[in-house]
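Subject: Structure handover

Hello,

Here is the structure for you to look at. My notes follow below it.

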Amino acid sequence: MSRFRRLGETGRAPIRLTIDGAEVWALAGDTLMVALLANTAALRDSEFDAGRRAGFCLMAACQDCWVWTEEGERLRACSTEAADGMRIVTRGTAWRIDAS
Amino acid sequence: MADRRVVVVGAGPAGTRAAERLAAAGLRPVVIDEAALNGGQIYRRQPAGFTRPAEALYGFEAGRARAVHGAFEALSGLIEHRPQTLVWHIYDGALHLLCGTKAERLPYDALILATGATDRIMPVRGWTLPGVYSLGGSQIALKAQACAIGAEVVFMGSGPLLYLVAYQYAKAGATVAAVLDTSPFSASVKALPALATRPAMLAKGIYYTARLALRGVAVHRGITPVAIEGDDGVAAVVWRDAAGRERRTACDAVGLGYGLRSETQLADLARCDFAFDPIARQYLPVTDQDGRTSTPGVYLAGDGARIQGADAAELAGRLAACAALRDLGHSVPAAEFASLRAALAPMAQFREGLDTAFPWPAHFAAGFADSDVVCRCECITAGDLREVALEKGAPELNRAKALSRVGMGRCQGRMCGPAAAEVLADALGVPVEQVGRLRGQGPVKPLPIATEIVG
Amino acid sequence: MSAPIQADVIVVGGGIMGAATAFFLRRRGVKVVLLERGLVGQQASGVNFGNVRRQGRFLPQLPLANRSRAIWGQLSELLGEDAEFIATGHVRVCFRAHEADRLEAHALAVREYGLELEILSANELRARYPFLAPGVVAGSLSPLDGHANPRLAAPAFGRAAARAGALVVENAEVLAIEKPGDDFLVETAAATYRAPIVQISAGAWGGTLSARFGEKVPIVARGPQMAVTEPMPYRIAPVVGVFSDNEHEGMYFRQVKRGNIVWGGGWRGPAFPDLLRAYIDPMNTLRQFPMVTRVAPGLAQLRTIRTWSGIEGYLPDDIPIMGPSGKVSGLFYAFGFCGHGFQLGPGVGDTMAELIATGSTPIPLAPFHISRFAMQ
């Protein structure tokens with residue numbers, strides 16, 4: 001299920017990402033948030049209740065759209081440009097605390 | 001004097017005009033901006049590869065947007081533009097910058113903060129559900145990405161942006177399920193004399209409202225939000241109409257906002273004095289009419305100082321630059337100060353009119369259920385706040401923060417601060433100014449531990 | 001001016017020392033007034049790291065620390081409020097062989113004080129705490145130590161003292177303090193208080209007050225440089241401290257159950273007692289980053305969302321002033337805890353209350369006596 005609806009500018013080149021392992025398509029020039037929410041309904045788990053979160057302010061103020069890459073990098077989805085080949089984790093974390 | 005470093009933070013209308021004026025005086029200011037492209041939020045530019053004309057993005061403001069963008073482009077080579085750079089702290093006469101994971105300390109001789117604004121939010125039950133976005137965020141989705149936040153969108157809250165964004169959505173082909181305005185019609189009537197100080201702006205407001213009606217969008221005034229409902233995302237908004245009847249509007253997205261609040265964290269870290277502004281019902285940095293703060297060498301301009309809109313921001317940016325130049329020993333014609341100040345005067349009056357027409361619904365705070373979430377980062381409820389107010393002795397916001405964690409999360413109180421103040425003041429039975437404001441703490445935004453010091 | 005408010009004891013300063021003293025005095029039936037300039041627990045007591053640590057202390061301080069640890073274990077029952085104390089264990093790790101030798105020597109030395117530490121090899125450490133970096137060579141675990149929430153502990157003592165009958169007065173700055181006869185007179189803007197006994201537990205400001213009684217101390221104010229990460233799954237149970245010859249390597253961190261990782265150490269920042277402000281120097285925060293990831297490399301994936309400081313009082317020998325005045329009868333001190341007072345707080349309160357109410361305590365206080373700074 002997607003959340004955002006594209007209303008135009010759909011002539012851009014396609015790019016490919018994965019969300020929690022599933023391959024999806026987005027468009028060059030999408031923010032990561034748009035690339036994700038054009039394909040899925042939420043971006044992250046809330047730490048302190050059972051709910052999911054899908055961002056809020058879209059201008060890098062609310063900090064409610066941080067996602068993980070499979071490699072363990074943190075990205076603020078609304079202020080990061082989506083790139084072909086990104087592998088995004090929206091459930092749980094990709095924190096590798098163990099040192100070895 | 002050419003070696004004096006003047007730094008402008010923000011590349012929106014205020015920052016652009018400040019930089020332009022500094023460059024005109026022969027300086028080479030550093031312009032630091034979080035975004036990749038100049039323009040700020042109001043004149044935010046779409047990424048490369050997008051093809052919509054300025055008229056489609058900015059409507060009536062297309063000309064102004066083009067002018068501001070053009071002015072910035074004309075500064076190429078005359079300024080040092082540092083895009084995608086966050087000022088994460090200010091300390092001891094220097095900015096602390098973050099670009100990617102590189103941190104740099106940048107001392108300044110004069111600093112103009114043009115940090116803009118974000119939405120002012122009054123929470124409502126269910127506001128953390130996926131599908132609820134700030135009004136400004138809803139507009140950015142459309143303006144910068146040609147997206148709607150959902151298939152059927154309700155816009156709820158108050159302020160001129162409510163009508164503008166609804167209009168822009170409808171015009172772009174989105175389905176607007178309803179516009180739910182908490183301010184009563186009577187408030188607009190009361191505000192008319194002040195709003196008439198800028199007839200063109202008033203006319204635009206009337207135009208958007210009329211256009212929404214023509215497109216068959218339901219507009220309700222004087223409503224009271226009850227809840228945003230849904231299991232794993234927005235399914236409906238429940239609200240009471242002006243007559244008190246409970247209504248339910250099905251939708252899959254909500255744009256929520258009650259005007260704007262200034263982004264004042266950097267002014268706070270620069271140790272500028274703040275004072276309560278009864279019209280905005282917020283603590284704002286104290287400035288003189290030209291933008292000087294209580295901290296020598298630090299100036300404020302635009303919505304980051306007080307919410308007056310983009311046109312005023314352009315004037316204020318230029319005025320703050322004039323003030324900085326004069327304080328650095330440059331000669332600035334008195335007539336320039338006079339004309340900028342005169343041009344700004346009606347803006348302030350119009351702003352007061354907007355605050356009268358679209359009042360911040362402080363009284364909603366009393367109506368929150370104890371289980372309603374106020375702080376979305378930490379999931380702190382109205383009940384948590386009332387408990388620390390009444391049982392643990394929190395007479396002001398920072399104590400309430402220490403005891404309840406309100407405002408302690410990733411956003412540092414940006415989203416919950418104004419509402420938390422109202423809930424606390426209501427619980428204590430004191431005026432909101434008495435509970436103070438959340439003190440700013442660095443980093444202004446989350447700072448990677450992998451950050452390395454450069455330079 | 002209305003008549004002075006009479007009490008048995010006036011405690012000046014509502015940090016964790018003063019609030020705990022007031023609480024334990026009430027449990028002994030003593031009529032006590034607690035005067036706090038701002039809000040209880042607002043200064044160093046509320047902004048410190050939250051360490052409930054005994055290992056690594058000045059040895060003669062261990063009886064006090066042990067008494068305090070026992071109280072931490074019953075704090076919720078005692079106060080009727082939770083200060084989030086958990087006995088997660090406290091582990092000190094080091095990166096150099098000669099430092100490991102010193103950890104072992106310390107473990108031997110503290111045994112006679114009843115503190116049992118476990119010395120862990122590099123392999124044992126990593127088996128138990130897989131987040132530790134490969135470069136860690138040894139560690140010392142104090143299994144019964146842990147951490148608590150500093151924002152909650154002192155206010156909880158203050159409220160419990162009030163519930164037990166203490167007069168707790170906030171926003172009551174002491175404007176004048178003197179002993180004109182048998183009693184002390186303590187003046188605030190709203191009222192004057194009179195009592196035969198006064199305890200000064202005013203943290204970094206304690207020296208200003210002791211000086212009024214002819215006992216100057218070379219106390220200086222400094223600000224710890226604290227930071228916290230965004231919340232993460234709870235994976236780091238113990239408090240971790242780095243034992244090093246180089247004080248800038250001396251980081252410490254802990255994860256709270258909600259998931260945030262708090263750290264401090266390394267550098268100290270400027271503190272301005274007169275302005276009631278202490279600041280983070282952003283460079284210190286940046287310099288802390290490699291120091292914490294050196295111990296737990298997995299922290300490099302995270303972000304810090306908040307930093308803070310506070311005003312702590314330090315003395316040249318890095319131990320507090322605690323016990324009776326050397327000059328004025330009825331005057332007692334408990335201040336200047338040099339950044340390590342939080343764990344001691346409950347024990348200091350209990351010990352000072354015992355000393356004040358009975359005239360003696362089995363806890364040895366001689367090393368902390370103010371007379372060691374007989375300055376004029």
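In this predicted model, helix 12 (residues 382-390) and helix 14 (residues 417-428) of chain B cross at roughly 45°, and their axes come within 9 Å. On the helix 12 side, the contact is made by B:Ala382, B:Leu385, B:Arg386, B:Ala389 and B:Leu390. Helix 14 of chain B answers with B:Ala420, B:Val423, B:Leu424, B:Ala427 and B:Leu428. By class, the residues of this contact are 9 nonpolar, no polar and 1 charged.

Chain C has a helix pair to set beside that one. Helix 1 (residues 16-27) and helix 10 (residues 345-358) of chain C pack with their axes 7 Å apart, at an angle of about 50°. Helix 1 of chain C is therefore oblique to helix 10 of chain C. The crossing of helix 1 and helix 10 of chain C is right-handed. Helix 1 of chain C contributes C:Ile16, C:Met17, C:Ala20, C:Thr21, C:Phe23, C:Phe24 and C:Leu25 to the contact. From helix 10 of chain C come C:Gly345, C:Pro346, C:Val348, C:Gly349, C:Asp350, C:Met352, C:Ala353, C:Ile356 and C:Ala357. The class counts for this contact are 12 nonpolar, 3 polar and 1 charged.

One residue of chain B that I looked at separately is B:Pro359, which sits in the loop between helix 10 (334-357) and helix 11 (364-367) of chain B. Is B:Pro359 buried or exposed? B:Pro359 is buried, because 20 other C-beta atoms lie within 10 Å, and the cut-off for a buried residue is 20 or more. Leaving out residues up to four places away in sequence, B:Pro359 touches B:Ser183 and B:Ala187.

Next, the interfaces of chain B. Towards chain A, 42 residues of chain B are in contact with 31 residues of chain A. The elements of chain B that each supply at least two residues to this side are strand 8 (117-119), strand 9 (132-134), helix 4 (135-145) and strand 10 (147-148). Helix 4 of chain B gives the most, with 5 residues. The side of chain B that touches chain A divides into 20 nonpolar, 13 polar and 9 charged residues. Strand 10 of chain B also pairs across this boundary: 2 bridges join it to strand 1 (residues 5-6) of chain A, and the two strands run antiparallel. A:Arg5 has B:Ala148 as its bridge partner in strand 10 of chain B.

Towards chain C, 22 residues of chain B are in contact with 23 residues of chain C. Strand 4 (86-91), strand 6 (102-107), helix 13 (397-404) and strand 24 (447-448) of chain B give two or more residues to this side. Helix 13 of chain B gives the most, with 3 residues. This side of chain B has 12 nonpolar, 6 polar and 4 charged residues. Strand 24 of chain B and strand 21 (residues 303-308) of chain C run antiparallel and are joined by 2 bridges. Within strand 21 of chain C, C:Arg303 is the bridge partner of B:Pro448.

Regards

Terms used
Residues are numbered from 1 along each chain as its sequence is written. Chains are lettered from A and ligands numbered from 1 in the order in which they are written. This is a predicted model: local features need pLDDT of at least 70, side-chain atom pairs count only at pLDDT 80 or more; totals for chains, interfaces and linings use all residues. Axes are lines fitted to C-alpha atoms, for helices over the stretch in contact, and angles run from 0 to 180 degrees between N-to-C directions. Helices (H or I, at least four residues) and strands (E, at least two) are DSSP runs, numbered from the N terminus. Angles under 35 degrees count as roughly parallel, over 145 as roughly antiparallel, 65 to 115 as roughly perpendicular and the rest as oblique. A crossing is left-handed if the near helix is turned anticlockwise from the far one by less than a right angle, and right-handed if clockwise. Two residues are in contact if their C-beta atoms, placed from the backbone, lie within 7 Å. Ala, Val, Leu, Ile, Met, Phe, Trp, Tyr, Cys and Pro count as nonpolar, Asp, Glu, Lys and Arg as charged, and the others, Gly among them, as polar. Two strands pair if DSSP finds at least two bridges between them. A residue is buried if 20 or more other C-beta atoms lie within 10 Å of its own, exposed if 12 or fewer, and partly exposed in between; C-beta atoms are placed from the backbone.
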